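Let's take a walk through this one together. Have the sequence and the 3D view ready.

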Amino acid sequence: MTDPIADYLTRLRNAIKASHRIVEIPASNIKKEITKVLFDKGYIQNYKFEDNGPQGTIKIALKYNPTTKQNAIVNLSRVSKPGLRKYVKNDEMPRVINGLGIAIVSTSKGVMTDKEARTEGIGGEVLCYVY
């Protein structure tokens with residue numbers, strides 16, 4: 001697999017379109033950090049890291065609106081790809097839907113949102129947009 005983050009986002013996107021409650025994804029450190037950011041910002045209901053096998057899995061419980069049955073995540077899009085990396089400085093940090101969405105950024109201080117990176121005053125690689 002050449003792009004594990006794109007695979008992670010695609011598995012989430014497919015589970016949302018199929019209205020699944022739980023999705024299992026092969027684990028890695030970067031995927032765990034992205035999952036923590038999504039949970040902290042309220043895009044997923046819960047998550048659990050399981051150490052079964054050499055790699056382990058991440059179980060993610062997706063968040064749906066109880067009345068409209070609409071998911072909290074409307075769109076997931078990959079920005080930085082293996083063939084074309086996208087690095088930004090802190091003053092060039094993107095704003096997703098004028099601040100309503102988040103950009104997940106990999107920085108020297110770990111994986112965080114665009115707003116957190118702006119307050120820290122650091123730039124990094126823009127991994128994906130979530131809204």
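We'll start with a sheet and its helices, then turn to salt bridges.

First, some ground rules: this is a predicted model, so local features need pLDDT of at least 70 and side-chain atom pairs count only at pLDDT 80 or more, while totals for chains, interfaces and linings use all residues. Residues are numbered from 1 along each chain as its sequence is written, and side-chain values use heavy atoms, with hydrogens and water left out.

Find the open sheet of 3 strands, ordered β1-β3-β2 with antiparallel pairing. Strands (E, at least two residues) and helices (H or I, at least four) are DSSP runs numbered from the N terminus, and two strands pair if DSSP finds at least two bridges between them. The edges are β1 (22–26) and β2 (44–50), each pairing on one side only. Between β2 and β3 (residues 57–62) there are 6 bridges; F49, for instance, has I58 in β3 as its bridge partner.

Helix α1 (residues 4–17) packs on this sheet, touching β1 and β3, where contact means heavy atoms within 4.5 Å. Helix α2 (residues 29–40) packs there too, touching β1, β2 and β3.

Now the charges. With a Lys or Arg side-chain nitrogen within 4 Å of an Asp or Glu carboxyl oxygen as the rule, there are 10 salt bridges. In α1, D7 reaches R11 at 3.0 Å between the closest N and O atoms, and the two sit 4 residues apart, about one turn of the helix. E33 and K36 do likewise at 3.6 Å, 3 residues apart in α2. Finally, E24, K48, E50 and K59 are linked in a salt-bridge network.

Technical notes:
Axes are lines fitted to C-alpha atoms, for helices over the stretch in contact, and angles run from 0 to 180 degrees between N-to-C directions.
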